[in-house]
Amino acid sequence: MKHWPDHYNFCTYFDQNYLARGLLLYESLMEHVPSSTLYVLTLDDVTYNIIIAKSFSNIVPIHLRDLEKYDAELLAIKSTRSLLEYYFTCSPCLPLYVLEKYPDIDILTYIDADIYFYDSPRPFYEELGNNSILVFEHGIPPIEEEKHGRFNVGYLLWRNDETGLACLRWWRDRCIEWCYDRIENGKFADQKYLDQWPILFKPIIISKQIARALAPWNLERYCVTYRRGKPVNLILFHFHGLRLLSRRRYAIYHAYNPSASDIDQLFNIYVKKLVRLSVKYTTTKKHNLRIGLFDSNAAVVFLTVPLLSKLIWNWTKYWTKSRNQGNKFVNSYQIGALQNPARESIKILFRYPLLIINRHIVIGILARHIRTSISNHLLKS
């Protein structure tokens, strides 16, 4: 019996800071799950306007105002939460809104915006079968589970039935009551509540395919196989906590240490794609990132002042170009390719003043030919 849909339905949310990540998620869906719809809760006007203007096929934008109009209690607690905590509170409200607004949806999958697909998720739907809920364990040590929860909020499946809707409504009510970015009385943000689902809601499936849906916190426990630069045993990866630090560097979630192959063939490739979309959909100068080389060890020094970072990068670029032009000039001089070395020395010094401190090579050539010109002039006299 077939246990996967003909058309897949996903929902996520992001603001302009995660716009590039969200659109990269969309690109991966269109590549591996072309028969799908992505319902996007746009958390600010900039994000909403860009998605509307670009008319992305298979994306259904939902403005935050529409969700708040639908759920008055969500709007009522907005002032009591930080921005991040309010986003967490939206986690159960969004899929509940989508399922009630679009009742023809059979199965709805929530995905975090920083997830990227490498293959079709059909095996997950086969695993869900005729059941109502599918969850994934974090795969972290028990002491961390106790703090942050057994299950990952980043990828969840609900069937649009009595159990699936009851689960969403219960989760939504708990998050309205308490959803803060701290550990308190057995609760943590929107996440720890999921620990109670296997007790409260059945039938529920705890996925056995965690090795096909990895994240930085469990990558060290599983081996990703690569073929021709692509992971062949992954369906998705959750790039949680990845930060672009500059035009060239990025940092990985906390202190986890991926292998060299994971860095080169997983993180670096994702970051290059992310930078491309960051440039394309830049909304402020702060996010105007440029494609560059990425260090394989991802060990970075974070410059907290963007202007300082920009000045250092431009200085390095200018010095490198000056040095290369100086070496090219000296090589041309040594093989006798300069018709007038003195004049050419002045021209290159005018364009690249830094060459005046480059071992005085260019100055030496200029001085030598000025001296030769003067000597020749005196001999003629």
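Strand 7 and its sheet

Student: What makes strand 7 covered on both faces in this predicted model?
Tutor: Tyr-155, Leu-157 and Arg-159 on one side are buried, and so are Leu-156 and Trp-158 on the other. Buried means under 20% relative accessible area, so each of these residues falls below that cut-off. For strand 7 (residues 155-159), that is 5 of 5 residues.

Student: Why are strand 4 and strand 7 called paired?
Tutor: Pairing needs at least two bridges, and 5 bridges join strand 4 (residues 107-111) to strand 7, so the two strands pair. They run antiparallel, with Thr-109 opposite Leu-157.

Student: How do you know that strand 6 pairs with strand 7?
Tutor: There are 2 bridges between strand 6 (residues 133-135) and strand 7. The definition asks for at least two, so the pair qualifies. This pair is antiparallel, and Leu-134 stands opposite Leu-157.

Student: What makes the pairing of the sheet mixed?
Tutor: The 7 strands form an open sheet in the order 3-2-1-4-7-6-10. Strand 1 (residues 8-14) and strand 2 (residues 36-42) run parallel, joined by 7 bridges, whereas strand 4 and strand 7 run antiparallel.

Student: Why are strand 3 and strand 10 at the edges?
Tutor: Strand 3 (59-63) and strand 10 (204-206) each have a single partner strand, so one side of each lacks a neighbour in the sheet.

Student: Which helix lies across strand 6 and strand 7?
Tutor: Helix 8 (residues 162-177) does, running at about 130° to strand 7.

Conventions
Residues numbered from 1 in each chain as written. Predicted model: local features only at pLDDT ≥ 70, side-chain atom pairs only at ≥ 80, totals over all residues. Heavy atoms only, no water. Buried < 20%, exposed > 50% of the residue type's maximum accessible area, 1.4 Å probe, protein only. Helix = DSSP H or I, 4+ residues; strand = E, 2+ residues; numbered from the N terminus. Contact = heavy atoms within 4.5 Å. Axes fitted to C-alpha atoms, helices over the stretch in contact; angles between N-to-C directions.
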